[in-house]
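This report is an introduction for a reader who is meeting the structure for the first time. Please keep the sequence and the three-dimensional view at hand while reading.

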Amino acid sequence: MPEGKFCNKKPIDTAEGINELLSDTSGNNYYQEMKELDIDSDLLWKTIQNTCKSRTKTWLEICAHCGMCAESCFLYQVNGRDPKQVPAYKIQSTLGEIIKRKGKVDNQFMRDTMETAWSKCTCCNRCGTYCPHGIDTGIMFSYLRGLLYQQGFVPWELKIGAGMHRVYRAQMDVTDEDFVDTFEWMVEEYEDDYPGLTVPVDVENADIMYTVNAREVKHYPEDLAEAAILFHMAGENWTVPSKGWEQTSLAMFAGDWAACKMQVESVYEAMERLKPARMIGTECGHAHRATVIEGPYWAGRKNGQPPAESIHYVEWLAEALNTGKLKIDPSKRIKELVTLQDSCNYIRNHGLKKATRDIIKHIVEPGYFVEMSPNKEHNYCCGGGGGFNGIGLFRKQRNIALLTKRDQILATGAKLVLAPCHNCWDAIRDLEEEYEIGIRWSFLKPIVIKMLVIPEHLKPEE
Amino acid sequence: MHDLLTGLFFWIALGVFLIGVLARLIMYFRGLSWQLDRVAYTSHPGAGFKGAVRSIYKWLIPFGTYGWRTQPFITIVFFGFHIGAVLIPLFLLGHNLFLQEKLGISFFTLNPCFADILTWTVVISAFFLILRRLVLPEVRIMTTLYDYFILGVAIAPFVTGLFARYQVGDYSFWLNMHIFCGEILLIAIPFTKLSHVFLFFASRAQLGMDFGIKRGGMKGTKMAW
């Protein structure tokens with residue numbers, strides 16, 4: 001069977017298509033059909049010839065097979081130091097083989113490669129910083145995912161996720177109306193506590209254009225209200241776009257580069273339409289990577305920059321606290337051992353380690369903050385990055401992956417974990433559910449709100 | 001035989017090496033693509049240059065990076081091998097005399113006793129590199145015959161050089177073998193995994209530009225290699 005009803009090489013471009021695939025519970029039929037899916041070897045090889053250029057070719061060629069990357073990979077460590085988890089082995093035995101065989105690989109090989117690409121690498125890029133030759137296996141895995149996606153060998157949830165971006169320009173079926181309505185409704189809910197609280201929609205030339213993660217709209221709407229409250233308290237001139245408000249990209253995890261481009265262009269169009277001084281995204285790691293770090297390249301922007309200066313939420317929060325726009329009541333600071341999860345996507349891959357630590361200085365009583373070990377750009381992935389959290393087929397492997405973070409947290413002795421990243425937040429929630437180590441975890445917004453000094457003129461009337 | 005090896009063969013080997021290295025370096029940098037690699041190389045040359053230089057020099061220092069520090073054994077073996085492998089061919093007295101005669105140039109000359117120590121260090125380190133490949137599962141799984149072949153090509157000039165140095169058996173035989181192995185090494189460099197001799201710098205520069213431009217360098221954060 002060349003192309004299945006559920007599992008095939010065609011991207012999903014319609015709401016009906018999404019619903020149809022969703023109706024196949026857990027992708028049972030999807031994965032059955034995958035076993036029969038043909039490989040278009042000519043297309044695969046042609047794509048490689050067009051896109052695998054000197055950087056990747058050189059990486060694969062000069063890899064000395066020295067194994068120094070092994071210890072850098074948390075999945076190698078946590079899976080009993082299985083040599084099959086050595087980053088260099090993982091990429092040489094998948095992408096390396098496909099290239100060696102000029103794309104002539106069979107179905108079983110492609111399914112094994114899919115398992116490696118999505119359950120043995122979270123694209124955290126840590127190994128790239130431990131290789132003497134500067135070989136970044138995480139980047140190659142991301143490239144490999146693109147090849148697999150083209151051939152239809154992609155986990156069910158991510159095929160749906162990429163389709164969501166194509167149809168809704170959001171990672172979930174949240175429409176532009178849903179977004180604006182939910183934001184306005186949430187702000188109304190908090191109006192009494194914070195007089196004058198509004199959500200300015202589509203205001204041109206604002207200082208800040210705020211973008212979010214669609215699941216905040218769907219599952220965690222308080223997060224929207226919290227963002228509004230903090231901008232309000234800081235006296236910011238901010239706005240949200242009614243279109244182009246979604247910063248995330250499951251398409252990036254799926255390797256659907258065309259959908260990545262569609263998604264990020266919707267945000268850039270909003271920037272060009274509203275001309276904000278800056279764009280600020282929510283507390284999400286991969287969303288920042290997709291829209292701010294990688295996005296400009298998908299959109300063909302040669303200078304590698306989005307149309308407006310774009311910063312992560314932690315950069316704004318650090319700035320607001322450092323400049324006194326937001327004031328913390330010292331008596332309300334955190335007075336228990338607390339640790340911080342450094343997100344790979346904006347710490348290792350965008351150098352924002354100082355911003356988060358500046359925030360810590362303001363919100364944690366001196367002496368109570370404990371760093372994880374290792375930390376900053378050398379921190380380990382939460383265990384659920386790169387789409388790993390969301391893939392049912394690889395849930396068992398993901399749960400093993402969480403052990404690294406569990407042990408890192410346990411070693412700090414902290415019972416509270418700050419996790420300014422949706423993916424990390426999920427992984428830490430799941431590790432508590434799975435291993436019950438008695439911890440709490442939180443984004444920064446709710447923590448900061450509780451300890452704010454509210455300016456007189458913004459206080460509710462008694 | 002000696003005349004042929006130090007004459008025609010020498011010129012061929014040197015020519016293939018130099019042209020090969022140059023051609024591959026040009027091909028490497030021409031093959032970089034800002035859009036496919038997702039690094040805006042030419043838009044931010046200053047940030048890219050800083051990142052590249054840092055990425056190279058940090059890794060040239062023994063124990064200079066987290067990577068080196070976390071694995072002291074391989075670091076010692078690695079530098080033991082590479083320091084000699086780079087210094088001996090260029091700065092040994094005999095090599096300088098030869099270059100003076102052939103090219104009219106010569107470099108700084110190593111103290112002969114120090115040169116002996118370096119050469120032995122190369123050979124002993126190579127032994128440990130092989131041992132690592134045989135013993136450690138995470139290295140063994142990737143090791144192919146080709147890896148041993150490359151190591152063989154790389155250490156053959158050192159082993160034959162030592163035989164000649166200590167005049168074991170027929171000196172002129174070992175000297176000729178030494179020159180022959182050295183020339184094979186030169187020819188192999190541009191076409192095999194030994195291309196890392198120069199592509200190391202290219203690849204490190206590329207990742208350095210990536211971090212210098214895109215992954216934090218322009219945010220004012222230097223990658224803590």
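The secondary structure of chain B comes to 12 helices and zero strands, where helices (H or I, at least four residues) and strands (E, at least two) are DSSP runs, numbered from the N terminus. The model is a predicted one, in which local features need pLDDT of at least 70 and side-chain atom pairs count only at pLDDT 80 or more, whereas totals for chains, interfaces and linings use all residues. Residues are numbered from 1 along each chain as its sequence is written, and chains are lettered from A and ligands numbered from 1 in the order in which they are written.

Along its principal axes, the C-alpha trace of chain B spans about 60 × 40 × 35 Å. Of its 225 residues, 36% count as buried; a residue is buried if 20 or more other C-beta atoms lie within 10 Å of its own, exposed if 12 or fewer, and partly exposed in between, with C-beta atoms placed from the backbone. Two residues are in contact if their C-beta atoms, placed from the backbone, lie within 7 Å, and among contacts in chain B between residues at least 6 apart in sequence, 68% join residues at least 24 apart.

Where the two chains meet, 46 residues of chain B are in contact with 45 residues of chain A. On the side of chain B that touches chain A, α2, α3, α4 (45–60), α5 (66–70), α9 (137–140) and α12 each supply at least two residues, and α12(B) gives the most, with 10 residues. The residues of this side divide into 22 nonpolar, 15 polar and nine charged, given that Ala, Val, Leu, Ile, Met, Phe, Trp, Tyr, Cys and Pro count as nonpolar, Asp, Glu, Lys and Arg as charged, and the others, Gly among them, as polar.

A helix of chain A can be viewed against this background. In helix α4 (residues 54–62) of chain A, the buried residues are S54(A), R55(A), T56(A), T58(A), W59(A) and I62(A), and what covers them includes α8 (137–150) of chain A together with α2 (8–30), α3 (34–37) and α12 (196–214) of chain B.

**The sheets of chain A**

Four strands of chain A form an open sheet in the order β2-β1-β3-β4, with parallel pairing; two strands pair if DSSP finds at least two bridges between them. Because β2 (238–239) and β4 (309–311) of chain A stand at the edges, each with a single partner strand, one side of each is left without a neighbour in the sheet. Both faces of β1(A) are covered, with I208(A) and Y210(A) buried on one side and M209(A) and T211(A) buried on the other. M209(A) stands opposite T239(A) in β2(A) and also opposite M279(A) in β3(A), while the bridge partner of M279(A) in β4(A) is S310(A).

In a further open sheet of chain A, three strands follow the order β5-β6-β7, and the pairing is parallel. The strands β5 (338–340) and β7 (440–442) of chain A are at the edges, each with a single partner strand, so one side of each is left without a neighbour in the sheet. In β6(A), V417(A) is the bridge partner of T339(A). The table lists bridges between strands of chain A.

| Strand pair | Bridges | Direction |
|---|---|---|
| β1(A) and β2(A) | two bridges | parallel |
| β1(A) and β3(A) | four bridges | parallel |
| β3(A) and β4(A) | three bridges | parallel |
| β5(A) and β6(A) | three bridges | parallel |

**Helix packing and cores**

The axes of helix α19 (residues 395–412) and helix α20 (residues 422–435) of chain A come within 10 Å and cross at roughly 100°; axes are lines fitted to C-alpha atoms, for helices over the stretch in contact, and angles run from 0 to 180 degrees between N-to-C directions. The helices α19(A) and α20(A) are therefore roughly perpendicular to each other, a term that covers angles of 65 to 115 degrees. The residues of their contact divide into five nonpolar, one polar and four charged.

The largest nonpolar core has 181 residues, and those with the most contacts inside it are C69(A), L148(A), L317(A), A419(A) and I428(A); a nonpolar core is a set of buried Ala, Val, Leu, Ile, Met, Phe, Trp, Tyr and Cys residues joined through C-beta atoms within 7 Å. Helix α14 (residues 257–274) of chain A gives the most to this core, with nine residues. Apart from this core lies another, of five residues, among them W59(B), L207(B), F211(B) and M223(B).

Terms used:
Angles under 35 degrees count as roughly parallel, over 145 as roughly antiparallel, 65 to 115 as roughly perpendicular and the rest as oblique.
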